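Subject: Handing over the structure, with notes on what was found

Dear colleague,

I am passing on the structure we spoke about, and my notes on it follow below. Please read them with the structure open beside you.

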Amino acid sequence: MTGEPEPSQASLSLDLEGEGDGVSPAGEAGSSARVGQTSLAATEPVPLDAPLAERLRPRHIDEVVGQAHLLGPGKPLRVAFESRRPHSMILWGPPGVGKTTLARLMADAFGANFIAISAVLGGVKDIREAVINAQAAAAQGRRSIVFVDEVHRFNKAQQDAFLPHVESGLFVFVGATTENPSFEVNGALLSRARVYVLQPVDAAALGELFERALQRVAEQPDHPEVPVFDANARARLIAWADGDARRLLNAIELVLDSAHAQGEHAVDEAMLERTLSQSMRRFDNAGDAFYDQISALHKSVRGSHPDAALYWLVRMLDGGADPRYLARRLVRMAIEDVGLADPRALRLALDASEVYERLGSPEGELALAQAVLYLACAAKSNAGYNAYNTAREFVSRQGSDPVPVHLRNAPTKLMKELGYGHAYRYAHDEPHAYAAGETYMPDGLREPAFYQPTDRGLEGRIGEKLKWLRSLDDEPPG
């Protein structure tokens, strides 16, 4: 799918003053627009100096590349287009997969008044203006589609402002988001809209788009000869796009401009290196993709797959993740998933964090890589993690039972007279440094066995020792 530029301000007039977005004045497509046909919006010429991504924007859904799971025959969005029955929806997906493009195509296909709002720049005032706009269109017998880009940027009150109008049918609501709508979109609004997940554009679709872009440039009047991309350069540029169609088209345009400026007639990997800045992979430190990757790293470590764990670590470092954050997560993995099966893992994770603090990047990243490999290969136990969580739940339900008198501290004469610490058995004075039969829980509470050691690694020996100590509890005193 071709990439979609961010909507310019909140575009709320009937003329839809976008930045050369190739979409007609809202609603001018008329009721004759049908799927597979070009409407007035699609036939409007795009300026030759418009960005390549804009010149390649689909004018009807048959031009869309990617998203076959939504747009293929019989698939949900294809059915909506063909039935001419729009419905409110949330389009969830990473940048450059066509969320804005799909919203514009819907308005075009349905002959609807298209009202675009950027949640980054807009507010309740813009929502009110959109409502007035939609009411004016309804008075003329035209339905409206309100498209909210980056809808997760609106707070709950702002999102609530759409509810009565979505319920009344004044307009169809289409929200676009790069973040998980389950967390970022108001539940009431979410319940009134269908969620469609848009996937990163796959390499085959990007390859199709690549060829389409070069053909479009070659057809442009008075354009210099299009340089030839060798196979390696083509493959690397598609990989560099990382599933983002807009990113691919912008990169192609940049490379072509650079080639023309330098008089180059061929593009190879060396030229790409000179032209394109270092790739920043798909995530920011607050986005879903970031947490998806840290989840993949954690699960690879837990699953004892060192190669996969190292892959995700390097992916995140390559994408600009803060190594200090990754170091903290490695410490968490050592505690949660390795535990007492191999207590050295925690020390090694802490050492790796300290080494990074001393050396910085890139040398310190080697310490993080070594820690990841060790954690992935170490014996695994979550017994300590489970014991802690079970104890927390138990304490929250049990309440505050008093400390048994024999375990209380007795720093004063009065406390000693009250029996504090009386009959306490000092373990080091007992055989095996263990006070067999002694109780340490509050009176009347049996030990609930929070900690259930596994038989893996050192924890297997810990379990054997605890079993032996409990056998001493069962021996008759004497």
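This is a predicted model: local features need pLDDT of at least 70, side-chain atom pairs count only at pLDDT 80 or more; totals for chains, interfaces and linings use all residues.

Is the crossing of α11 and α12 right-handed or left-handed?

The overall picture

The protein chain has an average pLDDT of 83, and 87% of its residues score at least 70. Confidence is highest in helix α19 (residues 363–377), with a mean of 96, and lowest in helix α1 (residues 40–43), with a mean of 40. Over residues 1–43 the pLDDT stays under 50, although the model has 128 contacts for that stretch beyond four places in sequence. As for secondary structure, the chain comes to 22 helices and seven strands. Of its 478 residues, 46% are buried. Among the contacts with a separation of 6 or more, 74% are accounted for by residues 24 or more positions apart.

Helices that pack together

To return to the opening question, α11 and α12 cross in a right-handed manner. The axes of helix α11 (residues 203–219) and helix α12 (residues 231–241) come within 10 Å, and they cross at roughly 115°. On the α11 side the contact involves Ala203, Leu206, Gly207, Phe210 and Glu211, which meet Arg234, Leu237, Ile238 and Ala241 of α12. By class, the residues of this contact divide into six nonpolar, one polar and two charged.

A second pair is formed by helix α4 (residues 76–83) and helix α5 (residues 99–110), whose axes come within 9 Å and cross at roughly 25°. Angles under 35 degrees count as roughly parallel, and α4 and α5 are therefore roughly parallel to each other. Here Leu77, Ala80 and Phe81 of α4 meet Leu102, Leu105, Met106, Ala109 and Phe110 of α5. The contact of α4 with α5 has eight nonpolar residues, with no polar and no charged ones.

From α17 the contact draws on Pro323, Ala327, Leu330, Met333, Ala334 and Val338, and from α19 on Glu365, Leu368, Ala371, Val372 and Leu375. The residues of the contact of α17 with α19 divide into ten nonpolar, no polar and one charged.

Around Ala259 and Glu264

Ala259 lies in helix α13 (residues 245–262), and Ala259 counts as buried because its relative accessibility is 0%. Leaving aside neighbours within four places in sequence, Ala259 is in contact with Pro227, Glu264 and Met271. Of these, Pro227 is 32 residues from Ala259 in sequence, while the C-alpha to C-alpha distance between Ala259 and Pro227 is 7.2 Å.

Glu264 is found in the loop between α13 and β7 (266–267), where Glu264 counts as partly exposed at 30% relative accessibility. Not counting residues up to four places away in sequence, Glu264 touches Pro227, Ala259, Met271 and Arg274. Glu264 and Val228 are 36 residues apart in sequence, and from C-alpha to C-alpha they are 9.3 Å apart in space.

Backbone points to look at

Most residues other than glycine have a negative phi, and most peptide bonds are trans.

The peptide bond that joins Ser361 and Pro362 is cis, with omega about 0°. Pro362 lies in the loop between α18 (344–359) and α19.

Ala423, a residue other than glycine, has a positive phi, near 70°. Ala423 is found in the loop between α21 (413–417) and α22 (457–474), and Ala423 is exposed, with a relative accessible area of 53%.

His432 is placed in the loop between α21 and α22, and the phi of His432 is likewise positive, near 60°. With a relative accessible area of 58%, His432 is exposed.

With best wishes

Conventions
Residues are numbered from 1 along each chain as its sequence is written. Side-chain values use heavy atoms; hydrogens and water are left out. pLDDT is the predictor's confidence in each residue, from 0 to 100. Helices (H or I, at least four residues) and strands (E, at least two) are DSSP runs, numbered from the N terminus. Contact means heavy atoms within 4.5 Å. Buried means under 20% relative accessible area, exposed over 50%, partly exposed in between (1.4 Å probe, protein chains only). Axes are lines fitted to C-alpha atoms, for helices over the stretch in contact, and angles run from 0 to 180 degrees between N-to-C directions. Angles under 35 degrees count as roughly parallel, over 145 as roughly antiparallel, 65 to 115 as roughly perpendicular and the rest as oblique. Ala, Val, Leu, Ile, Met, Phe, Trp, Tyr, Cys and Pro count as nonpolar, Asp, Glu, Lys and Arg as charged, and the others, Gly among them, as polar. A crossing is left-handed if the near helix is turned anticlockwise from the far one by less than a right angle, and right-handed if clockwise.
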